[in-house]
Amino acid sequence: FPVTILMPYLPTSFHTPVYSSTEPGHPPLHLHGEREMTFQLGHASNKGLITTTDPIKMTDIDKVKAVVSKNPRDQALFALATNTALRASDLVELRWEDLSDDGDLITMHIRERKTSKLRRITLNAATSKTLREWKQRCFHEWVITGQRGKMSVGSIGRLVKAWTDEANITPGRYASHSLRKTFCRAMVEHYEEPPYKVMWALGHSSEKQTATYIGLLQQDVAAL
């Protein structure tokens, strides 16, 4: 089913995210407020359910923002990746023709490569503004471009590593997938959203898979 997600633009400011979905509802999981959820970098409590990359910590977001602000393309890439939870393989396939702009918000219409799911993602005003500014400078059909047109997934990974190195943030294993994980951790750790909402955004099959993916320790995963 198509899912519309309006997320905060992490590099600029935090606002309460608004979700709108055509998928069936789930009862919320009231983990927050009952006990503290604990995370750690590189944690792998369930083999095969998470990758070996780390998210950017919320305390480091502003440092990375300062780095990407030097390049309109990098700023657009960072904004998209940390607000949509899209995989790098989907970001590099995004064309300008996949975006519709009503003058207020930009909406993306994509088919995920890994899952073949059709998704509709509505960006907030700050992210939409960032994309408009990049579009004025971009002369390719692709939204995220490299030296020869469409950027590769590997190039995104190298960019993320360069950003985090320059920002001198908390040491970790940073790559293209770190941006997707940053979205997830912000939703659960900062906004205290229940895992099932993040599960919808990621397209996971279970809340336990999502909890492990975002780095919850084993005792928290077992509680779901």
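**Hairpins, sheet and confidence**

Me: In the hairpin of E3 and E4, which residue takes a positive phi?
Reply: The model is a predicted one. The hairpin of E3 and E4 has 4 residues between the strands. A positive phi near 95 degrees is found there at Gly103.

Me: Over how many bridges do E3 and strand E4 pair?
Reply: Leu99 stands opposite Met108 in E4, and Asp101 stands opposite Ile106. E3 pairs with strand E4, residues 106-111, in the antiparallel sense, and the number of bridges is 3.

Me: In the hairpin of E4 and E5, which residue takes a positive phi?
Reply: E4 and E5 pair in the antiparallel sense over 5 bridges. One of the pairings sets Ile110 against its bridge partner in E5, Arg119. The hairpin has 6 residues between the strands, and the positive phi, near 65 degrees, belongs to Ser116.

Me: Which strands stand at the edges of the open sheet?
Reply: The sheet is open, with 3 strands in the order E3-E4-E5 and antiparallel pairing. An edge strand here has a single partner strand, so one side of it is left without a neighbour in the sheet. From one strand to the next, the twist averages 15 degrees. The edge strands are E3 (99-101) and E5 (118-122).

Me: Is Cys184 buried or exposed?
Reply: The cut-off for buried is under 20% relative accessible area. Cys138 counts as buried because its relative accessibility is 8%. Cys184 has a relative accessible area of 0%, and therefore Cys184 is buried.

Me: How many disulfides does the structure hold?
Reply: A disulfide requires a pair of cysteine sulfur atoms within 2.5 Å. The number of disulfides in the structure is 0.

Me: Which element of the chain has the lowest mean pLDDT?
Reply: The chain has a mean pLDDT of 76, with 72% of its residues at 70 or more. Over residues 1-50, pLDDT stays under 50. Where pLDDT is low, the predicted coordinates should not be read in detail. Helix H5 (residues 153-167) has the highest mean among the elements, 96, whereas the lowest, 31, belongs to strand E2 (residues 18-21).

Me: What percentage of contacts in the chain between residues at least 6 apart in sequence join residues at least 24 apart?
Reply: The chain comprises 9 helices and 7 strands. Of its 224 residues, 50% count as buried. For the contacts in question, the share joining residues at least 24 apart is 67%.

How values were computed:
Residues are numbered from 1 along each chain as its sequence is written. This is a predicted model: local features need pLDDT of at least 70, side-chain atom pairs count only at pLDDT 80 or more; totals for chains, interfaces and linings use all residues. Side-chain values use heavy atoms; hydrogens and water are left out. Buried means under 20% relative accessible area, exposed over 50%, partly exposed in between (1.4 Å probe, protein chains only). Two strands pair if DSSP finds at least two bridges between them. Helices (H or I, at least four residues) and strands (E, at least two) are DSSP runs, numbered from the N terminus. Axes are lines fitted to C-alpha atoms, for helices over the stretch in contact, and angles run from 0 to 180 degrees between N-to-C directions. pLDDT is the predictor's confidence in each residue, from 0 to 100. Contact means heavy atoms within 4.5 Å.
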